[in-house]
Amino acid sequence: MPEKSLIEKAKRVLIGNFQKKGFTIPSKNLYPFQWKWDSGFIAIGFAHFDIEKAKKEIYSLLDAQWENGFIPHIVFHTKNDSYFPGAEFHKSSLNSKSPKHIDTSGITQPPVLGFVLEKLYDIADNKKEILKFIKSQINKVYKNHQYFYSKRDINNEGLVYIYHNWESGTDNSPVWDNIWKTMNPPRYKFERKDTTHVDSSQRPTNREYDHYIDIIELAKKFNYDDNKIAKHSPFLVQDPLFNSILIRSNECLIRLYKILGGNEEKIKYLKSKNEKSLININKKLYNSSMGAYLHFDLRNGKKIPLICSSSFSPLFCGAPDLEMAQKLKSTLMEKFGKHDYYLCSSFDPEGKQHDQKKYWRGPVWINLNWILYHGLRRYQFEETAKRVKNDSLELVDTLGFYEYFNPSKKTSKESNKGYGGENFSWTAALTIDFLSRK
Ligand code: DGY
């Protein structure tokens, strides 16, 4: 399909998912509210053709920020019973710092807003106008980074923890499987809604949901108090993707503050935190014999020796030196980049738990590809970056704006379909960005 008509189709997806209240749903029925990292990617897509909607997206998300700087992973702007677990389950009002005017979840998602704000600056034609907007929002994002470093970096290593798999964004990755074995949640009674919209073979199992629900029940028991969660959650992980995004966002906030002028103290704070983060992401999460960054299970005190698409995300924040970066690229190409596979599978195609169909256990995701593309370009790995971009566009062009895709070229062609939600916002938004010159 010519690039222009693919862009037009993508725009229609975004416009179709935009809601009157000034935010965009990821996908009809399956995800009917505002999700944090989705919104960041969505804003990048809108910025190419409707900067006002891009601003609204960020504004409506930050409007739900908690007093302590926390930004929730879901904002329940409207009522809708097509999703579980909804506002009544998450009960953000249990925490006195949650907003009074709106319900949210009490878990977060990767801190994309720093790099998103910079991306909006790069894309916008009217720099003066966009700077005005950035000036009005940037301190909220800064406060969010302060929250992470003060509440979620319990060993003062510059590496923040996540306490729930949904915070990682890579929801049911095999990376968590051994953590589930340390838990024995009850069989909760709940009504799954996701499997009424999407074939259950593409979604997590009910037993996996028991674990997800159990951690939230524990957090609720502590009224979402960070110190208590850090002490008691069976799930406490330092995730390379989450931390790479934080580092990249630190870097972008520093650059934006410099453009805005003043803000010396904030720049100093971000620089000192970032230095430590960069040192320790390499020291603690990099594994040279595997040629990959790994997750660290803080609760059980050990690295999780599994490779997934998040393992390459430190390229995005410039953490690896050139030799490490070369090694990452070799691991990527040897394991994930075989000619009959699209880049980049969400989990090691040679791994036992790899599943081509199931949510984050193997399929290709366009947002991870976008992160990988920019990471590879940062190290001038132009050929590999081009392959990631072309694979992404081929999938979208031939199959549609799905949430995720089968990594096997043969299976994708035979089934002629993608997986999960259709007309998925970030797939459309990042297609626009991939095809745009800026
Ligand atoms: C879901 O429901 O699968 C979401 O990704 C978690 O927020």
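Contact between residues is taken here to mean heavy atoms within 4.5 Å, and the structure described is a predicted model. With that in mind, helix α16, which spans residues 382–399, can be considered together with its surroundings. The residues of α16 that are buried are T384, A385, R387, V388, K389, D391, S392, L393, L395, V396 and L399. An α-helix has 3.6 residues a turn, so residues three or four places apart point the same way. Helix α16 has 18 residues and reaches 25 Å from its first C-alpha to its last, which is close to the 26 Å expected at 1.5 Å a residue. Just after α16, G400 takes a positive phi of about 115 degrees.

The model also contains an open sheet of three strands, in which the order is β3-β4-β5 and the pairing is antiparallel. The edge strands of this sheet are β3 (34–35) and β5 (103–104), each of which pairs on one side only. Strand β4 (residues 74–76) is joined to β5 by two bridges, with the two strands running antiparallel, and V75 stands opposite T104 in β5.

Three cavities of 30 Å³ or more are counted in the model, and the largest cavity has a volume of about 210 Å³. This largest cavity is lined by 19 residues, of which Y31, W35, Q109, D171 and Y359 are the closest to its centre. When the lining of the largest cavity is divided by class, twelve residues are nonpolar, three are polar and four are charged.

Notes:
Residues are numbered from 1 along each chain as its sequence is written. This is a predicted model: local features need pLDDT of at least 70, side-chain atom pairs count only at pLDDT 80 or more; totals for chains, interfaces and linings use all residues. Side-chain values use heavy atoms; hydrogens and water are left out. Helices (H or I, at least four residues) and strands (E, at least two) are DSSP runs, numbered from the N terminus. The expected span of a helix is 1.5 Å times one less than its number of residues. Buried means under 20% relative accessible area, exposed over 50%, partly exposed in between (1.4 Å probe, protein chains only). On a 1 Å grid over the protein atoms alone, a cavity is a set of points where a 1.4 Å probe fits but cannot get out, and a pocket is an open set with protein on both sides within 12 Å along at least five of seven lines; lining residues have an atom within 4 Å of a point. Grid points are joined across faces, edges and corners, and a volume is the space filled by probe spheres set on the points. Ala, Val, Leu, Ile, Met, Phe, Trp, Tyr, Cys and Pro count as nonpolar, Asp, Glu, Lys and Arg as charged, and the others, Gly among them, as polar. Two strands pair if DSSP finds at least two bridges between them.
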